[in-house]
Every structure is written in structure tokens, then in C-alpha cells.
Amino acid sequence: MVRIRPTIETSLRISSEIDPKPVRIRFFGVRGSFQGDDQRIGHHTSCIVIEYGDSITICDTGSGVRNFGAEIMQEYTMRGREVRVNVLYTHMHGDHTFGLPSFDPLFSPKTHMHFIGGTHTFKRESHDGTIETWEETVHETLQRQILVEPTFPINYRELPCKRTFQLVRPGERFTIPSSYGDIVVDCDIMNHPGRAYGYRFHFGNDKVLALVLDHEHEPEKPEFDQKILRLCDRATLTIGEVQYTKRFYDGHMPNGISFRKGWGHMWAEAAARQFEEARTTHVITTHHEPKFGLPEVTEIVRTINETTGIRTDYAFQSMEVTL
Ligand SMILES: [Zn+2]
């Protein structure tokens, strides 16, 4: 088993003290779109690490992944053996991927990186000058856009770590092996530019974690996305993005900040109604707007809690949750 020293003091325990198979969830990056300033929340972009028995799953490699990489390197020094790390992508936007080159284990032959993710749609100008749309896998994105010159000096093909890939499809159920038994995971597409994936993790028979990061409920739509409601349905814990207040989403903020409709993110009132409809029991908000400090993030939590009665906390960098 890989044992990693805890780096934080503030923690939240949802399971009982005697649970023999706890799920450890740590937040290494909680900002959305770009890095933020308020240190009480943290500045790094999306990175959540889930540990269950001997399995490590990094959900997105925003800039927060660098600190987790330092922990794993310490493990190499102590144990001197290969560490397998699952990297599960919600989507390939920069705030969820561009921290990867700062993840030191990537440059060690003792690392086995297992990338899991879905296909994405986007437009690119092809060599003959026409615009075409196609699907691109996680593999191809890393190779063509992130770990390649002139973006980065080291080429993806030269990395010494072992790399394997797993493509998941919308509506598909897959498993992540662990010494506590397989983690069963459902995945589906969410409304986000270029698409993003939400995940529903089953740990044993009684614990469900819903992870629904980047998505948007368009105000003119009368109903919430059934796929998201299914992912969150009666989850033990839902980690959901709620990037905006309604006035920020609508553009009623000082300094002429324009509205955010179509950017693919949630605002507090819509998120509250969605979580209530999904009958989730506990929400942790994340993917905080970089311009927001503690007052705005707290306001979002209060809005969800007061309108739904659902226990709601905000994620902050170095937060640890035991499920
Ligand atoms: Zn994002």
C-alpha cells in the first residue's frame, strides 16, 4: 500500500471513526477557469485526489497537482518502488490539465500513469485550411497540446514514466481496482463548451460520491439535465462546481465585468435547485470563481443551504474529507 503523509490539519469526516474502508478525498486545487488570490480558499486550479485502499485517483491536473506530486516523490525516496496513479479527466480545458507538466512523478521511471477520460468535440483549422470537427482522446491532447514544443520543452514521447490509457464512454460503467475492492464508476456528458464528464463513484455498497465539475444549467430551460440528476441521485456526498453568484452570472458586477452565460458554469440558485432535485445529502462546492474571495464563496454556500436545507460546505485548498 502506498502511504502518503497528510499535509493538512483541517479535515471533515463523514464516515464513522471505525470504518475499515475509508475514502480519503483531498482538494489540491479548488479554483475554476484561472488561479485566484484569496489564500483562505486557495489559488490553484482544479485537482482533487481520491485515495481508497491502495488506489490513487487524481481527478484533473490543474495547477494544484504539483503539490501532490511532491508527496509521491517523497514516497519514492522512502520506498523505492513504482507507484500507479490514475488520472481521471473531467475534460481537457486548461484549468483542468495545464498543471500536468509540474507533476514531478511524470519524469520518473517509477511512475505508472493510467489516464482515464472521454472524447471531446472542438474545432481546429486543419492543414488544408478547412475547419472540421472531430473527437480527440486524452492521449492525443497531452501529446499534441500540453507536453510538446513550443508549449513545453520536454516532449510527451520522451517521458520516462509508464503510461496507459482508458477511454470511457457516456453512460458507461467502469471500474478502478483497489485493495478495498473495485471502485465502480458511472460517467456521463454534461453541458459545457466542448463537453465535460461527470462521474459517480460507488465505494462498497453504501458510499456514493458524485463529482460534477464544469457544467451549466441554461436559465431558459425548464428542467435540469437528467444525466446530472442521475449522477447525483441520493449521493452520500456531491462535489459540485458552483462558480458564480447569480449577479455575477448576469453581469451585474462592478468594473464592467460581462455576463457569464455560455461559459459552462453554475450559479448558486440553479445549483441549489439541481442538488435538491437530485436528493443529494451533502454538497461541497468547488471550482470557485478566481475573482471571488471568502465572502462570495460563503454567500454561495449560504444560498444553497438556506434554500434547500442540504448541508453545504465550500472546498478550500488542502481540505481533506473522509467518506
Ligand atoms: Zn474548469
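Visitor: Which residues of α1 are buried, and what makes them count as buried?

Guide: In this predicted model, the buried residues of α1 are V65, F68, G69, E71, I72, E75 and Y76. Each is called buried because its relative accessible area is under 20%.

Visitor: How do you know on which side of α1 they lie?

Guide: Around the axis they cover an arc of only 155 degrees, which puts them on the same side of α1. The face turned away from that buried side carries the exposed residues T77 and M78. As for what covers the buried residues, the elements include β2 (23-29), β3 (47-52), β4 (55-59), β5 (83-88) and β6 (111-117).

Visitor: What span should helix α1 have, and how do you know whether the model agrees?

Guide: Helix α1 (residues 65-79) has 15 residues, so at 1.5 Å a residue it should span 21 Å. Its end C-alpha atoms are 21 Å apart, which agrees. Just after α1 comes G80, with a positive phi of about 65 degrees.

Visitor: On to the metal. Which protein atoms are the donors of the zinc ion?

Guide: They are D95 (OD), H96 (NE2), D214 (OD) and H287 (NE2), at 2.1 to 2.2 Å from the zinc ion. These distances are within the 2.8 Å limit, so the atoms count as donors.

Visitor: Why is the site called irregular?

Guide: The angles among the 4 donor atoms run from 93 to 158 degrees.

How values were computed. Residues are numbered from 1 along each chain as its sequence is written. This is a predicted model: local features need pLDDT of at least 70, side-chain atom pairs count only at pLDDT 80 or more; totals for chains, interfaces and linings use all residues. Side-chain values use heavy atoms; hydrogens and water are left out. Donors are N, O and S atoms within 2.8 Å of the metal (3.2 Å for Na, K and Ca); water is not among the atoms, so sites may look incomplete. Four donors count as tetrahedral if all angles lie between 85 and 135 degrees; four count as square planar and six as octahedral if opposite donors are over 155 degrees apart and all others between 65 and 115; anything else is irregular. Helices (H or I, at least four residues) and strands (E, at least two) are DSSP runs, numbered from the N terminus. The expected span of a helix is 1.5 Å times one less than its number of residues. Buried means under 20% relative accessible area, exposed over 50%, partly exposed in between (1.4 Å probe, protein chains only). The arc is that of the directions from the helix axis to the C-beta atoms. Contact means heavy atoms within 4.5 Å.
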